[in-house]
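Subject: Structure handover

Hello,

Here is the structure we discussed. Please open it first, then read the notes below.

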Amino acid sequence: MTLKIIQSGITLIEDQGRYGFREMGISRSGAFDQVSFRLANLLLGTKNEPAFEIIQGRFELETSSNAVVAIVGNAKVYVDSNIVSVNTSFQLLAKQRLLIEPIDSSPTYLVVAGIQVTKVLGSASRDTLSSLGPDAVLAGDQFEVNPTTALIGSFLSVKQEYQANVLHYIPGPMNIDVSGNWSKERVSRIGVRLNREERVESGSGNLASFPMMPGAIQVPPSGQPVILAVDSGTTGGYTVAGVVIEADLHKLARLVDNFSLEPVSLQYANNAKLQLEKTISGAVINPNQMGAW
Amino acid sequence: MRAQVSQYGERSVLIELEQVKPVSVIDSFRLLFPDAEVRSGLNTLVITFPEISDHTELVLSALSKVETVESSTEHRTFVIATEYSGEDLETVCQKLEITRAKLISFHTAITWQVALIGFAPGFPYLVPFDENQEEAKLLAQIPRLEVPRAKVPTGSVAIASGMSCVYPSSMPGGWNLIGSTEQVLFDVNNHENPALLQAGDLVRFEELKS
């Protein structure tokens with residue numbers, strides 16, 4: 001079966017990410033919003049099927065035969081001009097047109113069960129820093145979809161919050177206070193640049209390169225921090241004032257224009273992670289309807 | 001072993017080493033913490049543990065058990081055939097007030113060691129194995145370019161700030177280009193080992209006469 005892209009907007013293909021290669025200078029990459037990505041897979045009963053990460057604009061496709069799809073995000077979804085519920089899995093019939101329009105700047109995830117994407121180093125993710133993985137999706141692109149089984153009629157029992165206004169972080173290893181209110185100046189999969197009137201202490205731009213990680217809050221000499229995101233480089237030479245907790249990393253993709261950075265304890269980070277995993281594992285309700293075609 | 005140890009995010013520890021090279025102790029740390037990911041920086045190590053916790057005490061108490069690898073025979077050695085015809089070769093020679101032949105002899109005389117792979121996939125930061133070597137001290141006088149190039153060709157061999165590197169693919173870069181090699185440093189289709197080099201490996205450059 002063939003899937004054809006009618007309109008692409010700004011869309012990449014992403015999955016869990018590329019694990020085990022950081023020491024070779026290869027970022028983990030993967031879905032910017034791992035929570036929405038995982039929920040979309042859970043709706044289908046799959047784990048790591050590659051997703052379309054729709055960042056901006058209108059995304060539209062059709063398939064040559066029936067397909068099962070799941071969509072998670074803050075978006076309007078239409079099938080042949082009829083509005084359908086987002087955060088569900090459903091069957092798309094042959095030649096029907098599926099249209100997705102994001103409502104805000106948070107990415108929306110569409111998973112088509114059985115989609116075939118060539119993996120690079122174990123992952124179908126596009127790494128925008130190193131240009132690894134599949135090219136950005138464009139109108140006219142076609143994908144093969146293999147017959148498979150997936151859940152139809154699943155839905156999310158918990159409403160997702162797409163307006164993140166707080167990021168929690170563990171302070172250190174270097175000692176610069178970055179807490180308080182910030183505006184986001186620029187967001188990409190590589191990093192989020194922050195701004196505000198009152199500058200923090202200047203960091204160094206010339207440290208001996210050391211290993212970086214997504215969530216690291218770098219403070220360059222300008223005093224204008226950058227929070228590293230999924231495609232950020234594996235090493236860097238800027239001062240790191242803190243690291244956003246892993247339970248909040250998906251919020252980098254959901255940030256509102258004005259938000260705050262709040263330092264927290266390791267205990268807080270641990271509880272937040274347990275809570276998030278509990279929420280995700282209980283988020284999908286499915287009436288056990290299997291869709292096969 | 002002396003080192004500064006600090007918490008780095010919820011699962012990692014940053015170790016700032018004093019007087020020892022990260023690559024000489026990285027294997028020892030990996031043996032001590034088999035479930036953790038150990039990555040090297042130029043004079044640091046970062047250990048990422050599976051679980052969220054303050055691991056600084058654990059790492060501090062392990063420092064006494066760390067063994068150092070000092071002998072060069074314990075590392076893999078790669079020879080990179082290089083044509084010394086880089087765009088910045090002449091400028092570098094002028095700055096150091098040496099001939100082209102002399103510069104080549106310095107660069108090929110140094111045994112380099114991969115301090116870390118970073119910046120881009122497969123990009124090796126090479127430091128002199130013996131930083132007190134006369135040739136190494138001399139080349140260390142060359143800083144990075146004031147204005148980085150928007151595009152450095154694949155296989156470019158370059159030097160800056162006492163280090164050397166080979167660009168595994170075409171990318172922006174601020175190092176002084178002194179030569180080029182046909183050696184492939186990064187191959188995405190090699191799933192087992194996409195990067196030719198790893199931290200700790202030794203590298204020697206050999207002049208390829210055109």
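First, a term: two residues are in contact if their C-beta atoms, placed from the backbone, lie within 7 Å. By that rule, B:L17 touches B:A3, B:P22, B:N43, B:T44 and B:L45, leaving aside residues up to four places away in sequence.

Some ground rules. This is a predicted model, in which local features need pLDDT of at least 70 and side-chain atom pairs count only at pLDDT 80 or more, while totals for chains, interfaces and linings use all residues. Residues are numbered from 1 along each chain as its sequence is written, chains are lettered from A and ligands are numbered from 1, in the order in which they are written.

**B:L17 and its sheet**

B:L17 sits in strand β2 (residues 12-17) of chain B. Helices (H or I, at least four residues) and strands (E, at least two) are DSSP runs, numbered from the N terminus. Is B:L17 buried or exposed? B:L17 is buried, because 21 other C-beta atoms lie within 10 Å. The cut-offs: a residue is buried with 20 or more other C-beta atoms within 10 Å of its own, exposed with 12 or fewer, and partly exposed in between; C-beta atoms are placed from the backbone. B:M1 is 16 residues away from B:L17 along the chain, and their C-alpha atoms are separated by 8.4 Å.

In chain B, 4 strands make an open sheet, in the order β1-β2-β4-β3, with antiparallel pairing. Strands pair if DSSP finds at least two bridges between them. The edge strands are β1 (3-8) and β3 (37-40) of chain B, and each pairs on one side only. From one strand to the next, the twist averages 20 degrees. β2(B) and strand β4 (residues 44-48) of chain B run antiparallel, joined by 5 bridges. One pairing to look at: B:L14 has B:V46 in β4(B) as its bridge partner.

α1(B) lies across β2, β3 and β4 of chain B. The helix runs at about 180 degrees to β3(B). For such angles, axes are lines fitted to C-alpha atoms, for helices over the stretch in contact, and angles run from 0 to 180 degrees between N-to-C directions.

**Domains of chain B**

Chain B is divided into domain 1 (3-65) and domain 2 (75-207). These bounds come from an automatic or database domain assignment. The C-alpha centres of the two domains of chain B lie 28 Å apart. In the contact between them, 6 residues of domain 1 of chain B meet 6 residues of domain 2 of chain B. Which helix gives the largest share of the domain 1 side? Helix α1 (residues 22-32) of chain B does, with 3 residues. By class, the domain 1 side has 4 nonpolar, 2 polar and no charged residues. Here Ala, Val, Leu, Ile, Met, Phe, Trp, Tyr, Cys and Pro count as nonpolar, Asp, Glu, Lys and Arg as charged, and the others, Gly among them, as polar.

**Chain A**

The domain assignment of chain A gives domain 1 (2-156) and domain 2 (164-280). Their centres, taken over C-alpha atoms, are separated by 27 Å. The contact takes 19 residues from domain 1 of chain A and 14 from domain 2 of chain A. The domain 1 side divides into 5 nonpolar, 9 polar and 5 charged residues.

Now look at strand β10 (residues 108-112) of chain A. 5 of its 5 residues are buried, so β10(A) is largely enclosed by the rest of the structure. A:T108, A:L110 and A:V112 point one way, and A:Y109 and A:V111 the other way. Strand β3 (residues 51-56) of chain A pairs with β10(A) in the antiparallel sense over 4 bridges. There, A:I54 has A:T108 as its bridge partner. Strand β5 (residues 67-72) of chain A also runs antiparallel to β10(A), joined by 4 bridges. There, the bridge partner of A:A70 is A:V111.

Helix α1 (residues 34-44) of chain A is mostly covered, with 11 of its 11 residues buried. Just after α1(A), A:G45 takes a positive phi of about 80 degrees.

**Between the chains**

The contact takes 29 residues from chain A and 31 from chain B. On the chain A side, β17 (210-211) and α2 (266-281) of chain A each supply at least two residues. α2(A) gives the largest share, 4 residues. That side divides into 16 nonpolar, 9 polar and 4 charged residues.

Best wishes
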